[in-house]
Amino acid sequence: MRKFVALAAFAAFVAGLSGPSRSAAEDKKDPEIKVPYVPTNMAVVEAMLKLAAVKEGETVYDLGCGDGRIVITAVGQFKAKRGLGVDFNPERLKDCDEAVKKAIADKKLTSEQAKTLTFKQGDVLKMTAEDFKDVDVVTLYLLPEVNKRLKPVLQKGLKPGARVVSHDFDMGDDWKEDKKEEVKSERTYPHTIYLWTIKK
Ligand SMILES: C[S@@+](CC[C@H](N)C(=O)[O-])C[C@H]1O[C@@H](n2cnc3c(N)ncnc32)[C@H](O)[C@@H]1O
């Protein structure tokens with residue numbers, strides 16, 4: 001039921017959005033599945049990184065990174081060594097640049113830490129197992145269908161002990177989470193966050 005509410009809320013959010021029409025060139029680059037942009041509440045970002053137990057020196061990837069808040073927090077607050085955010089939408093990559101500048105101005109990130117952050121345009125559905133070989137934590141706020149498609153790639157590419165954390169959506173019945181938590185925010189229903197640890 002919760003999952004349905006989360007999906008419906010996602011759809012309602014998107015229905016309320018309007019944007020400029022895209023050029024054919026941009027359409028050509030469009031991924032097969034485009035998850036709408038809904039930023040994760042900052043309290044939930046912190047809870048996700050805590051649930052994943054991000055440690056100093058680790059590498060964190062956010063697939064579909066929006067304004068980059070998850071990897072910025074991972075590096076600035078949790079002292080991750082490196083963060084990578086991937087998003088298909090060039091507007092989001094501009095948001096990431098702005099968010100990095102703001103985090104530096106707000107003293108939440110040093111200029112040195114900012115150099116360890118990379119934001120890349122790309123389709124997460126085209127990522128391969130090889131892309132994840134040195135990654136400790138992967139964060140997701142996508143949709144069940146995208147999580148399902150990413151599952152075999154993450155399972156093959158991530159090393160044992162690497163963690164995957166997802167906001168609101170699980171990975172399907174054959175990937176039972178190791179932990180699940182609820183986080184409250186001003187949203188009318190709680191956020192669910194899921195943790196899986198890779199075993200081989
Ligand atoms: C729900 S938002 C989450 C943003 C961010 N991870 C957060 O939690 O704040 C999903 C993001 O994924 C991006 N996205 C959707 N489909 C994608 C795809 N196939 N490849 C890459 N990025 C995608 C969207 O542009 C959007 O920024």
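Along the sequence, the chain runs α-α-α-β-α-β-α-α-β-β-α-β-β-β, where helices (H or I, at least four residues) and strands (E, at least two) are DSSP runs numbered from the N terminus. This amounts to 7 helices and 7 strands. The model is a predicted one, in which local features need pLDDT of at least 70, side-chain atom pairs count only at pLDDT 80 or more, and totals for chains, interfaces and linings use all residues. Residues are numbered from 1 along each chain as its sequence is written.

A residue is called buried if 20 or more other C-beta atoms lie within 10 Å of its own, exposed if 12 or fewer do, and partly exposed in between, with C-beta atoms placed from the backbone. Because 8 of the 8 residues of α4 are buried, the helix is largely enclosed by the rest of the structure. The residues concerned are Arg69, Ile70, Val71, Ile72, Thr73, Ala74, Val75 and Gly76. In the chain of 200 residues, buried residues make up 38%.

The loop between β1 (59-63) and α4 contains glycine 68. Glycine 68 counts as buried because it has 27 C-beta neighbours inside 10 Å. Leaving aside residues up to four places away in sequence, glycine 68 touches Gly85, Cys96, Ala99, Val100 and Phe119; two residues are in contact if their C-beta atoms, placed from the backbone, lie within 7 Å. Proline 39 is 29 residues from glycine 68 along the chain, and their C-alpha atoms are separated by 9.3 Å.

Helix α4 is also one of the elements against which the buried residues of α3 pack, the others being β4 (137-140), β5 (163-167), β6 (179-183) and β7 (191-197). Those buried residues of α3 (residues 42-51) are Val44, Val45, Ala47, Met48, Leu49 and Leu51. After α3 comes alanine 53, with a positive phi near 50°.

The ligand has 24 residues around it, of which Pro31, Val35, Thr40, Gly64 and Gly66 come nearest; a residue is near a molecule if its C-beta atom, placed from the backbone, lies within 6 Å of it. The shell comprises 13 nonpolar, 5 polar and 6 charged residues, where Ala, Val, Leu, Ile, Met, Phe, Trp, Tyr, Cys and Pro count as nonpolar, Asp, Glu, Lys and Arg as charged, and the others, Gly among them, as polar.
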